[in-house]
Amino acid sequence: MIFSKESALQQVKSLLQIYDKLHIEKESNQEIILTGEILVNRTASSYTLYKTYHIEVHIPFESDKLPYVFDIGNAIDSNYNHQYKDGPLCLETDFAIRIRFVDGLNLVSWMQEFVEPYFFSYEYYQRFGCFPFGERSHGIEGILQSFGDVFQETDNIKVCKILMFIYSDRYRGHLPCSCGSGKKYKNCCGK
């Protein structure tokens, strides 16, 4: 998802109508930065969170970078492992977020599907020691889990084979079948 400046501004306008405690802090030729508070009012797994968070949201445009968010109110413990070393919150793998933008996700939905659940999951984890919606691994393992979700496959070896098949520049019929049969694709599932 690459935002043009015009589409970013239009989506920011909608975002500010829903999250009226946010405001445009800075606008440049590369990004829009929003700061302010969001109220997270969510219930899941018999736990309710009603809490305000002070955040900074960066919305890049004319770039393949995704929107990202910082906790500037210090609500998230600095040792929490779902935060990048340079500060942005680790909401989900980039692939998973990109797929949602391709499916029509907008900034309001991004806030509701990724940012708010991040804070809810953090508070739930702090209280109960586990994550209410599960936890995505970091690094390549998490990336493979994201692709596995799309392919509805939990075996990372099969996910790798599917990816090799998709991204191979060789004639695909001669590749080993991703089902693991050992046969060439054209002689197995390719039929």
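Cys90 counts as buried, because its relative accessibility is 14% and the cut-off for buried is under 20%. This is a predicted model, and it holds 0 disulfides. Cys90 takes part in no disulfide, and the nearest cysteine sulfur, that of Cys130, lies 18 Å away.

Cys130 is partly exposed, with a relative accessible area of 38%.

In soluble globular proteins, nonpolar side chains tend to be buried together. Here, the largest nonpolar core has 39 residues, and those with the most contacts inside it are Ile38, Ile55, Leu91, Trp110, Met111 and Phe119. At least two residues of this core come from each of helix 1 (5–18), strand 2 (31–44), strand 3 (47–60), helix 2 (94–102) and helix 3 (107–128). Helix 3 gives the largest share, 11 residues.

Leaving aside residues up to four places away in sequence, Phe119 touches Ile38, Val40, Leu49, Tyr53, Ile55, Ile76 and Leu89.

## Helix 2 meets helix 3

How do helix 2 and helix 3 cross? Their axes come within 11 Å and cross at roughly 155 degrees, so the two helices are roughly antiparallel to each other. The crossing of helix 2 and helix 3 is right-handed. On the helix 2 side, the contact is made by Ala96, Ile97, Arg100 and Phe101, while helix 3 brings Trp110, Glu113 and Phe114.

Methods: Residues are numbered from 1 along each chain as its sequence is written. This is a predicted model: local features need pLDDT of at least 70, side-chain atom pairs count only at pLDDT 80 or more; totals for chains, interfaces and linings use all residues. Side-chain values use heavy atoms; hydrogens and water are left out. A disulfide is a pair of cysteine sulfur atoms within 2.5 Å. Buried means under 20% relative accessible area, exposed over 50%, partly exposed in between (1.4 Å probe, protein chains only). A nonpolar core is a set of buried Ala, Val, Leu, Ile, Met, Phe, Trp, Tyr and Cys residues joined through side-chain atoms within 4.5 Å. Helices (H or I, at least four residues) and strands (E, at least two) are DSSP runs, numbered from the N terminus. Contact means heavy atoms within 4.5 Å. Axes are lines fitted to C-alpha atoms, for helices over the stretch in contact, and angles run from 0 to 180 degrees between N-to-C directions. Angles under 35 degrees count as roughly parallel, over 145 as roughly antiparallel, 65 to 115 as roughly perpendicular and the rest as oblique. A crossing is left-handed if the near helix is turned anticlockwise from the far one by less than a right angle, and right-handed if clockwise.
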